Amino acid sequence: MIYKGAQVRSRYYLTSLKASRTASFKLAMSAQYLSPQAWFESGYQKMMGSPASEFRFVPGVTFMSTYREVLLACVGYLVLVFGGQLLMKSRKPIQLANLFRIHNAFLTVLSFGLWVLLLENTIPLVFKEGPFNAVCSPNSFTQQLELLYYINYLTKFYELLDTCFLVLRKKSLKFLHWYHHSMTALLCFTQLEGRTSVSWVPVLLNLGVHVLMYYYYFLATFNIKVWWKKSITVLQITQFVIDLAVIYFCFYTQYTYKYGGSTFGSCSGGEFAAYFGAGLLSSYLLLFVEFFFKAYKKPATKPTEKIASKTL
């Protein structure tokens with residue numbers, strides 16, 4: 001009887017263990033199935049023919065990975081923009097309404113997808129490393145984030161089409177628009193090349209703003225008016241304030257660590273990337289604040305566009 005009882009308990013244990021393993025496997029498979037990162041990696045491998053985990057940003061090897069390439073692209077953009085304005089001066093506007101609609105819909109979806117992927121990668125990072133290490137430790141510049149930063153960087157060249165549509169439609173082209181469009185690709189490149197650990201903060205915030213902004217422009221192609229368009233400019237400014245608060249903290253931490261013995265520790269990233277990023281984002285903040293007061297605080301004598309032309 002004792003022997004039979006032991007057999008029964010053994011069978012029960014084995015059955016429970018098997019059921020537990022099966023449930024764990026199903027749970028793991030469900031989590032993987034629901035993971036945007038898993039879907040992204042699967043799609044990346046099918047498209048590129050190699051695993052996403054093998055990607056590395058290598059200056060001089062990866063596509064658009066040198067200062068020469070980026071600067072030539074920026075100069076070419078400016079030549080195209082101002083040359084295009086001269087060509088369109090004596091011509092009728094070319095609306096391209098359907099293409100403009102598709103363009104904004106695509107950027108809305110793309111920005112949302114990248115934003116979700118950034119969230120999935122950065123939330124565990126903050127909990128694992130802690131707030132300080134999440135923005136300062138070299139471990140925070142992960143391979144997964146490096147690939148997402150690179151894709152985000154490439155989208156900045158696609159976003160130059162924003163200006164092409166404005167030129168063809170003979171819309172007003174403000175300094176703020178072409179300045180930040182031409183400089184943002186360079187900004188993203190410097191942060192990739194400098195491997196700044198804090199990069200996820202401005203990229204994540206910017207993508208969130210882009211989702212709303214491009215969705216607004218998509219709705220505008222249908223002549224749909226929304227009540228929250230002023231809020232987009234407020235969000236743009238708020239984004240830069242948060243960006244700069246975090247970036248200046250990292251900048252101060254690294255400076256005092258290098259020259260004065262900071263008690264916090266060092267912040268990972270290239271020195272030029274830090275100077276350039278802090279300086280450029282500061283100029284963006286000033287320009288967007290100036291735009292806000294001009295667009296919303298003064299009585300308008302005629303209708304004006306009240307959203308700063310496409311951020312970052």
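1. Buried here means under 20% relative accessible area, exposed means over 50%, and partly exposed is in between (1.4 Å probe, protein chains only). With that in hand, Glu 146 counts as buried because its relative accessible area is 2%. Across the chain, 42% of the 312 residues are buried.

2. A quick word on provenance. This is a predicted model, where local features need pLDDT of at least 70 and side-chain atom pairs count only at pLDDT 80 or more, while totals for chains, interfaces and linings use all residues. Residues are numbered from 1 along each chain as its sequence is written, and side-chain values use heavy atoms, with hydrogens and water left out.

3. Now the fold. Reading along the sequence gives α-α-α-α-α-α-α-α-α-α. Take contacts (heavy atoms within 4.5 Å) between residues at least 6 apart in sequence: 80% of them join residues at least 24 apart.

4. Back to Glu 146, this time for its partner. Glu 146 makes a salt bridge (a side-chain nitrogen of Lys or Arg within 4 Å of a carboxyl oxygen of Asp or Glu) with Arg 195, and their closest N and O atoms are 2.9 Å apart. Glu 146 sits in helix 5 and Arg 195 in the loop between helix 7 and helix 8, so this pair ties together parts 49 residues apart in sequence. Arg 195 itself is partly exposed, at 39% relative accessible area.

5. How many salt bridges does a search of the whole structure find? The total is four. One of them pairs the side chains of Lys 156 and Glu 159 at 3.5 Å, N to O, and both of these residues are buried. Another joins Lys 294 to Glu 290 at 3.4 Å, N to O. Lys 294 and Glu 290 are about one helical turn apart, because four residues separate them in helix 10. In that pair Lys 294 is exposed, with a relative accessible area of 54%, whereas Glu 290 is partly exposed at 39%.

6. On to the cysteines. The count is one disulfide (a pair of cysteine sulfur atoms within 2.5 Å). Cys 136 and Cys 267 form it, with an S to S distance of 1.6 Å. This pair links distant parts of the chain, 131 residues apart: Cys 136 is in helix 4 (residues 97–136) and Cys 267 in the loop between helix 9 and helix 10. Both ends are buried: Cys 136 has 2% relative accessibility and Cys 267 has 9%. Cys 250 takes part in no disulfide, and the nearest cysteine sulfur to it belongs to Cys 267, 3.9 Å away. Cys 250 is buried too, at 6%, while Cys 164 is partly exposed at 23%.

7. Helix 5 (143–158), helix 7 (175–194), helix 8 (200–220), helix 9 (229–259) and helix 10 (271–296) each contribute at least two residues to the lining. By class the lining has 21 nonpolar, eleven polar and three charged residues; Ala, Val, Leu, Ile, Met, Phe, Trp, Tyr, Cys and Pro count as nonpolar, Asp, Glu, Lys and Arg as charged, and the others, Gly among them, as polar.

8. Gly 270 is in the loop between helix 9 and helix 10. Gly 270 is partly exposed, at 23% relative accessible area. Leaving out neighbours within four places in sequence, Gly 270 is in contact with Gly 194 and Thr 196. The C-alpha atoms of Gly 270 and Thr 190 are separated by 8.6 Å, although these residues are 80 apart along the chain.

9. Last one: Gln 37, in helix 2 (residues 36–48). Gln 37 is buried, with a relative accessible area of 10%. Not counting residues up to four places away in sequence, Gln 37 touches Leu 117, Glu 120, Asn 121 and Gln 144.
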